[in-house]
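Here's a quick briefing to read with the model open next to you.

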Amino acid sequence: MRDRIEIPAPADFHVHLRQGPMCSLVTPHIRAGGICLAYVMPNLTPPITTTERALEYKTELEVIDPNVEYLMSLYLSPSITPEEIKRAYKAGIVGVKSYPKGVTTNSDGGIESYEIYYPVFQAMEEVGMVLNLHGEIPSDAENNIHVFNAEEKFLSHLESLHARFPKLRIVLEHATTSAAIECVKRLGDTVACTITPHHLVLTVDDWAGQSFNYCKPVAKTPADRISLQRVILEGNNKFFLGSDSAPHPIIRKSTAKPYEPCAAGIYTSPILLPLVAHILESFGALERMPDFVSTFGRRFYKKENTQVTVVLRREQLVIPNFLNKDEQNVVPFWAGKYLNWVVDI
Ligand SMILES: [Zn+2]
């Protein structure tokens, strides 16, 4: 049995760092969780739609914790032009995130149709920026669209975007279904996919009635979960870690009020690498850890780094019940449970 894992500069290719006091609380947790590079989501209030604002946000993050490399993204919206894309690229901004309207936190300004963005996608393809897709279509009872088929119904959009822009690098974010895994496998090398640790362990039965396990896209069936595990076990280089770590204050996760739904999001940043190691080991994929949390994603994003190494040691870690700073608090995933790995600092 292994008791030590060395990983070259682990990277989390999908993380939410929020604003204000919550940002101050959660940003230092990235490094504590063993991660060296964070791809930061732009769904702030208001969303990040300009190069200037993205750079300002990056500076705010660097002031809080300069020990992490932050890759920045823009929020796809009608105000983004091909000129803005060129400006963003020159300023080192890496990608553009698309949220379908209203499906998750701060997505009210999300997209309804991709066609108006074709000139933007063309500019992204030319300069080499990445398109990140929240791959769900909005629920629509009249057409029988709901949280369980929203991802599968989105896949035709992914396929047509890829057919139209074959050189545009596209990441289908936080896949949750066998259908999504099969679709990404089938498409060309410019299409990749992030997988969260929580979707490797949760199914519908874990979040129905348990608000701290509730996130979007929702965890699906045991068979879907097996497909996610299997593609990591196979060592397919199109699939890599994006935690979708998404903090919400405790009161927003567990309101116990009939008229106020709980927020969608699972928080994993402070325990991320130990959590991934624990989960991968549970289905026999521990050997895939360096590829899944570093090599594959870094290669796709052209951000390879072999200068830094992070070591995980086999030792029991108790996940804290909550984390707080000043007035802010957040409950991590699996609070109170034990993991078998710690980050060796
Ligand atoms: Zn997200």
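Let's begin with alanine 38, which, neighbours within four places in sequence aside, makes contact with Asp12, Val15, Ile30, Val68 and Tyr70. Bear in mind that this is a predicted model. Alanine 38 sits in strand β3, residues 37-40, and counts as buried because it has 27 C-beta neighbours inside 10 Å.

**Around alanine 38**

- Threonine 27 is 11 residues away from alanine 38 in sequence, and the two C-alpha atoms are 9.9 Å apart in space.
- Strand β3 also marks one end of a loop: the stretch between β3 and α2 (51-64) holds proline 46.

**The overall picture**

- The protein has 11 helices and 14 strands.
- Its radius of gyration is 19 Å, close to the 20 Å that the globule rule gives for 345 residues, so the protein is as compact as a globular protein of that length.
- Buried residues make up 48% of the 345 in the protein.
- Take the contacts with a separation of 6 or more: 72% of them come from residues 24 or more positions apart.

**Two helices side by side: α3 and α4**

- Two packed helices are described by the angle between their axes and the distance between the axes.
- For helix α3 (residues 82-90) and helix α4 (residues 118-127), the angle is about 30° and the axes are 8 Å apart.
- Because angles under 35 degrees count as roughly parallel, α3 is roughly parallel to α4.
- As for handedness, α3 and α4 make a right-handed crossing.
- On the α3 side, the contact is made by Pro82, Ile85, Lys86 and Tyr89, while α4 brings in Pro119, Val120, Ala123, Met124 and Val127.
- Sort the residues of that α3–α4 contact by type and you find eight nonpolar, no polar and one charged.

- Which residues of α10 are buried? They are Leu272, Leu273, Pro274, Leu275, Val276, Ala277, His278 and Leu280.
- That's eight of the 11 residues of helix α10 (residues 272-282), so this helix is largely enclosed by the rest of the structure.
- Just after α10 comes glycine 284, with a positive phi of about 75°.
- Proline 270 counts as buried because 24 C-beta neighbours fall inside 10 Å.
- Leaving out residues up to four places away in sequence, proline 270 touches His29, Ala32, Gly33, Leu323 and Pro332.
- One of those contacts is worth a look: proline 270 and alanine 32 are 238 residues apart along the chain, yet their C-alpha atoms are separated by 5.7 Å.

**Tyrosine 99**

- Tyrosine 99 is in the loop between β6 (95-98) and α4.
- Is tyrosine 99 buried or exposed? It's buried, because 26 other C-beta atoms lie within 10 Å.
- Asparagine 43 is 56 residues away from tyrosine 99 along the chain, with 8.9 Å between their C-alpha atoms.

- Most residues other than glycine have a negative phi, and most peptide bonds are trans.
- Threonine 45 and proline 46 are joined by a cis peptide bond, with omega about -5°.
- Lysine 216 and proline 217 are joined by a cis peptide bond too, with omega about -5°; proline 217 is in the loop between α7 (204-207) and α8 (222-233).
- Alanine 9 isn't a glycine, but its phi is positive, near 30°.
- You'll find alanine 9 in the loop between β1 (4-8) and β2 (11-15), and it is buried, with 20 other C-beta atoms within 10 Å.
- Asparagine 144 has a positive phi as well, about 55°, although it is not a glycine.
- Asparagine 144 lies in the loop between β7 (130-133) and α5 (150-164), and it is exposed, with 9 other C-beta atoms within 10 Å.

Note on methods: Residues are numbered from 1 along each chain as its sequence is written. This is a predicted model: local features need pLDDT of at least 70, side-chain atom pairs count only at pLDDT 80 or more; totals for chains, interfaces and linings use all residues. Axes are lines fitted to C-alpha atoms, for helices over the stretch in contact, and angles run from 0 to 180 degrees between N-to-C directions. Helices (H or I, at least four residues) and strands (E, at least two) are DSSP runs, numbered from the N terminus. Angles under 35 degrees count as roughly parallel, over 145 as roughly antiparallel, 65 to 115 as roughly perpendicular and the rest as oblique. A crossing is left-handed if the near helix is turned anticlockwise from the far one by less than a right angle, and right-handed if clockwise. Two residues are in contact if their C-beta atoms, placed from the backbone, lie within 7 Å. Ala, Val, Leu, Ile, Met, Phe, Trp, Tyr, Cys and Pro count as nonpolar, Asp, Glu, Lys and Arg as charged, and the others, Gly among them, as polar. The radius of gyration is taken over C-alpha atoms; the globule rule is 2.2 Å times the number of residues to the power 0.38. A residue is buried if 20 or more other C-beta atoms lie within 10 Å of its own, exposed if 12 or fewer, and partly exposed in between; C-beta atoms are placed from the backbone.
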